[in-house]
Amino acid sequence: MEHITDINKQAYIEDCKSIVSESIKLEKIELSDRELTLLTEEIMDTSLMMGGDYSKENIRAVTIQYILSDFLPRFKKAHR
């Protein structure tokens with residue numbers, strides 16, 4: 001059976017949100033607070049699925065990958 005890590009996101013959401021916000025601002029991407037929260041939670045989940053955690057380095061690395069993969073159209077469509 002596979003091991004699934006369950007970490008309480010709420011304890012880390014504000015720090016992660018700040019990291020995501022800083023990273024997307026560098027690319028001139030603007031999101032509402034609700035969209036930023038949804039994106040941050042998605043990035044946090046992705047980090048865990050990749051075997052990482054919520055460290056600054058992991059969240060920034062996943063955010064950069066999202067940016068490089070042109071996430072915005074897919075994200076906006078999924079969260080209308």
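The following paragraphs lead through the structure of one protein chain, from its overall form to single residues.

The structure is a predicted model, in which local features need pLDDT of at least 70 and side-chain atom pairs count only at pLDDT 80 or more, while totals for chains, interfaces and linings use all residues. Residues are numbered from 1 along each chain as its sequence is written, and side-chain values use heavy atoms, with hydrogens and water left out.

The protein chain contains four helices and zero strands. Here helices (H or I, at least four residues) and strands (E, at least two) are DSSP runs, numbered from the N terminus. Read from the N terminus on, the order of elements is α-α-α-α.

The overall dimensions come next. Along the principal axes, the C-alpha atoms occupy a box of roughly 40 × 25 × 20 Å. The radius of gyration of the protein chain is 12 Å, which agrees with the value near 12 Å that a compact globule of 80 residues would have. This radius is taken over C-alpha atoms, and the globule rule is 2.2 Å times the number of residues to the power 0.38. Of the 80 residues, 36% count as buried; buried means under 20% relative accessible area, exposed means over 50%, and partly exposed lies in between (1.4 Å probe, protein chains only). The chain exposes about 5600 Å², of which carbon and sulfur atoms supply 52%. Such areas come from the Shrake-Rupley method with a 1.4 Å probe, and for residues only the protein chains shown count as cover. A contact means heavy atoms within 4.5 Å. Among contacts between residues at least 6 apart in sequence, 61% join residues at least 24 apart.

The packing of the helices can now be considered. Two packed helices are described by the angle between their axes and the distance between the axes. The axes are lines fitted to C-alpha atoms, for helices over the stretch in contact, and angles run from 0 to 180 degrees between N-to-C directions. Helix H1 (residues 13-26) packs with H2 at an angle of about 105°, and their axes are 9 Å apart. H1 is therefore roughly perpendicular to H2, since angles of 65 to 115 degrees count as roughly perpendicular, under 35 as roughly parallel, over 145 as roughly antiparallel and the rest as oblique. On the H1 side, the residues that meet H2 include Ile13, Cys16 and Val20, and their partners in H2 include Leu36, Leu39 and Met44. The contact of H1 with H2 has eight nonpolar, three polar and three charged residues. In this division Ala, Val, Leu, Ile, Met, Phe, Trp, Tyr, Cys and Pro count as nonpolar, Asp, Glu, Lys and Arg as charged, and the others, Gly among them, as polar.

Helix H2 (residues 33-49) also packs with helix H3 (residues 56-68), at an angle of about 110° and with the axes 9 Å apart. H2 is therefore roughly perpendicular to H3. Leu39, Glu42, Ile43, Met44, Thr46 and Ser47 of H2 make this contact with Asn58, Ile59, Val62, Thr63 and Tyr66 of H3. These residues comprise six nonpolar, four polar and one charged.

Serine 47 of helix H2 is buried, because its relative accessible area is 2%. Leaving aside residues up to four places away in sequence, serine 47 touches Gly52, Asp53, Asn58, Ile59 and Val62.

Two loop residues complete the account. Lysine 28, in the loop between H1 and H2, has a positive phi of about 60° although it is not a glycine. Lysine 28 counts as exposed because its relative accessibility is 74%. Aspartate 70, in the loop between H3 and helix H4 (72-78), has a positive phi near 55° and is likewise a residue other than glycine. Aspartate 70 is exposed, with a relative accessible area of 53%.
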